[in-house]
Amino acid sequence: MSVVGDPGTKAELLSLEELEASGRLRTGRKHVLSILVENKPGVLTRIAGLFARRGFNIDTLTVGPTDDEHVSRITLTVDGALHPIDQVTKQLHKLVNVLKIRDLEPADTVARELALFKVAADGVQRAEVLQLCEIFRGKVVDVTRRAIIVEITGTTEKVEAFEGLLRPFGLVEMMRTGEIAISRGRGET
Amino acid sequence: MRAVDAVMECLKAEGVEVVFGYPGGANLPTYDAFVDAGIRHVLVRHEAGGGHAAEGYAKATGKVGVALGTSGPGATNLVTPIMDAMMDSVPVVFITGQVRTELLGTDGFQEADIMGITMPAVKHSWMIQHPLEIPRVLHEAFHVARTGRPGPVVVDIPSDLSNADIPYEPVTDVHLPGYQPTTDGNVKQIRQAAKALAAARRPVIYSGGGVILADAAAELTEFATADRFPVTCTLNGLGGFPAPHEQWLGMLGMHGTRAANYAMDEADLICAVGARFDDRITGKLSEFAPRAKFIHIDIDPAEISKNVPAHIPIVGDAKNILVKLINEYRALGADPTRLEEWWTRIHGWQAKHPLGYTDSTDDEIKPQRAIQAIYEATGGDAVVTSDVGQHQMWAAQYYHFNKPRRWLSSGGLGTMGFGFPAAIGAAVGCPDTTTVCITGDGSFQMNLQELATVAENKIPVKIFILNNGYLGMVRQWQELFWDNRYSQVDMGQTPDFVKLAEAYGIAGMRLTNKGTLVDDLRTAIATDGPVLVDIRVTREENVYPMIAPGAAAREMVG
């Protein structure tokens, strides 16, 4: 049997199972990487490029300022069930503009995202939506005759649960920020 | 002063003696500054030639190479040397011109987003945003290129900024908070490694290009001879351990010796130093060194456990670590007789499977014989560059390198066209040593325009073309793995290389006779200035032994 990816020989075609088996170790869980970077042009491209080179899909990505104007925080989530991420983390460390990386443990992390839902609820349905909104501690941020916009924050699971419940009422569209995350306890993330 | 004059001051402060480059519209200011700078500039005939020349200079001297090109096509012509330097960890600073800032992103004339194009091929890169940044960025560029795991960096300078008037102050202190290479090596891990080595019964030292880059060849030899550790080197590691040495197994990997590959296969402990377990070394990964535990010494933490899980990883500079490891190892007082059985086994392989080929019975020159003759004619004392293909493997097998920085080859990227310009860089960097380029008729034609460069600058490179009229390595693979169906490997109407040399105004020779080969080569080497030698060799000869791609070391053929 030939090595996957060596185009030099006329190998037999590989089955999908063999291709999967050739992949490296996977952790099987979602990873939240919190990356401190120098606030310089091209940093995001360099980081995204490392993932793209290996064919990894970034699930969510947020970038924002920190208390230091020269430094930005990138929070990105990747599915460790689909991709082996240890090597990519090491490669990230090598980027000159990357100051610090943490692969946050879900149990020691508070993660939140913000979502906006536009729902075409009117009449009786509108009351039900408002009720759901209250249960999920959501906030109505815009009301027109034919639609309302609801804002909620929470974990990805909560946002997705809310989305599932809203859908039957006529979800027009939804915007999600992707997660930001901070470590629990006194220490810095 | 003008920003470009500050660039010159930076180059001088970094100890740059020579740069290789090509001018154009966007770097006109820089070239104006060269007029008075007092820095030697070698005008190449293609930017790729300049890039590889800078690599050759860096590999041969251990200093940082510098290559320049203009914007757009000048910059894109540098992409292959940049990637080549990335794969082989060669410290080169590439300085490219860029269109004026107001034209950026507008498809201006000769605009190319060279930052974006080279992003996955550089250790780091900078585009100048403000002329005041220029001195700091250039010093950072040299620092990043030369320290840690060396590599290529790109500095892209828009032409309007390079013409600005700035105050120049020398930058003595580079501060990059996100770039702190580990150099020292964890003491506990080093102790662990020493213990594992002392307990090993079938150890092998697997040494790579990192040993050369770290200038650690002497330390590696001392380490190997602190006991009777067998040593094998990768293609880029050749010269890291003296080839004629009783503990030398030869090169390992696809075209390595059987002794080296079998030793890896049966080893119980492999100590990798500055090597990265490339697929040309491991063959079938799941069957690579199945009985071995691994010590992995590397300055790049991302190399540790990338392909092969390391039991004892040590991150740091090879020279530093080897010195400590030798001390730790000596303190343990291991019994050298425990390795006797292992050496008996290795000697058995060496006796049964020496490197060899069937020589011709007439005057015909076998390519292997040609390499042996070049070795003889140079007395083994030359900087040798190679291109990529069969001649590269034969040179690695039959030219015995006993010193570091004497063998310059494109290992990782496998760039045809590397050898000749690299020899130019090496000859400029080491004027007192004979510089030889061993190439093939295919590879040489990829950068032969540099004949004008050697002619004009009287750079005494001796070019030996092993001419078989084929793209030999591809032909070999088509013969062995594609049922003899030759496709686009016959070079057909090969140019008359002797006339070509004469057209460029340098000496040319054609050698076809085995009997006079060594003497003829001596004549070529003794000739002043550059010489192009067309050595006609057996057309269809294969490189052996060989581990077929995807096969295990055990399954070597030939």
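What percentage of the 189 residues of chain A count as buried? In this predicted model, the share of chain A that counts as buried is 23% of its 189 residues. Chain B, for its part, is divided into domain 1 (3-162), domain 2 (187-352) and domain 3 (367-536).

**Chain A: overall build**

- Chain A contains 5 helices and 9 strands, and, read from the N terminus on, these elements follow the order α-β-α-β-β-α-β-β-α-β-β-α-β-β.
- When contacts in chain A between residues at least 6 apart in sequence are considered, 72% of them join residues that are at least 24 apart.

- Just after helix 2 of chain A comes Gly55(A), which takes a positive phi of about 75°.

**Chain A: a hairpin**

- Strand 6 and strand 7 of chain A form a hairpin, with 4 residues between them.
- The two strands run antiparallel, and strand 6 of chain A is joined to strand 7 (residues 148-154) of chain A by 4 bridges; in strand 7, Ile148(A) is the bridge partner of Val143(A).

**Where chain A meets chain B**

- The contact between the chains brings 21 residues of chain A together with 20 residues of chain B.
- On the side of chain A that touches chain B, two or more residues are given by each of helix 2, helix 3 and strand 4 (98-104) of chain A, and the largest share, 5 residues, comes from helix 3 of chain A.
- By class, the residues on this side of chain A divide into 10 polar, 7 charged and 4 nonpolar.

**Chain B: the sheet 2-1-3-4-6-5**

- In chain B, 6 strands with parallel pairing form an open sheet, and their order is 2-1-3-4-6-5.
- Strand 2 and strand 5 (124-127) of chain B stand at the edges of this sheet, and each has a single partner strand, so one side of each is left without a neighbour in the sheet.
- From one strand to the next, the twist of this sheet averages 20°.
- Within chain B, strand 4 (residues 92-98) and strand 6 (residues 152-158) run parallel and are joined by 7 bridges, and Val93(B) stands opposite Val153(B) in strand 6 of chain B.
- Helix 3 of chain B lies across strand 1, strand 2, strand 3 (65-69) and strand 4 of chain B, and it runs at about 170° to strand 3 of chain B.

**Chain B: the sheet 9-8-7-10-11-12**

- Another open sheet of 6 strands in chain B has the order 9-8-7-10-11-12, with parallel pairing.
- Its edges are strand 9 (248-251) and strand 12 (312-315) of chain B, each with a single partner strand, so one side of each is left without a neighbour in the sheet.
- The twist here averages 15° from one strand to the next.
- Strand 8 (residues 231-233) of chain B pairs with strand 9 of chain B in the parallel sense over 2 bridges, and Met251(B) in strand 9 is the bridge partner of Cys233(B).

**Chain B: domain 1 against domain 3**

- The C-alpha centres of domain 1 and domain 3 of chain B lie 28 Å apart, and the contact takes 25 residues from domain 1 of chain B and 26 residues from domain 3 of chain B.
- On the side of domain 1 of chain B that touches domain 3, at least two residues are supplied by each of strand 1 (18-21), strand 2 (40-43), helix 3 (47-61) and helix 5 (79-87) of chain B.
- The largest share of that side, 11 residues, comes from helix 3 of chain B.
- By class, that side of domain 1 of chain B has 12 nonpolar, 8 polar and 5 charged residues.

How values were computed:
Residues numbered from 1 in each chain as written. Chains lettered and ligands numbered in written order. Predicted model: local features only at pLDDT ≥ 70, side-chain atom pairs only at ≥ 80, totals over all residues. Domains from an automatic or database assignment. Contact = placed C-beta atoms within 7 Å. Nonpolar A, V, L, I, M, F, W, Y, C, P; charged D, E, K, R; others polar. Buried ≥ 20, exposed ≤ 12 C-beta atoms within 10 Å, placed from the backbone. Pairing = 2+ DSSP bridges. Axes fitted to C-alpha atoms, helices over the stretch in contact; angles between N-to-C directions.
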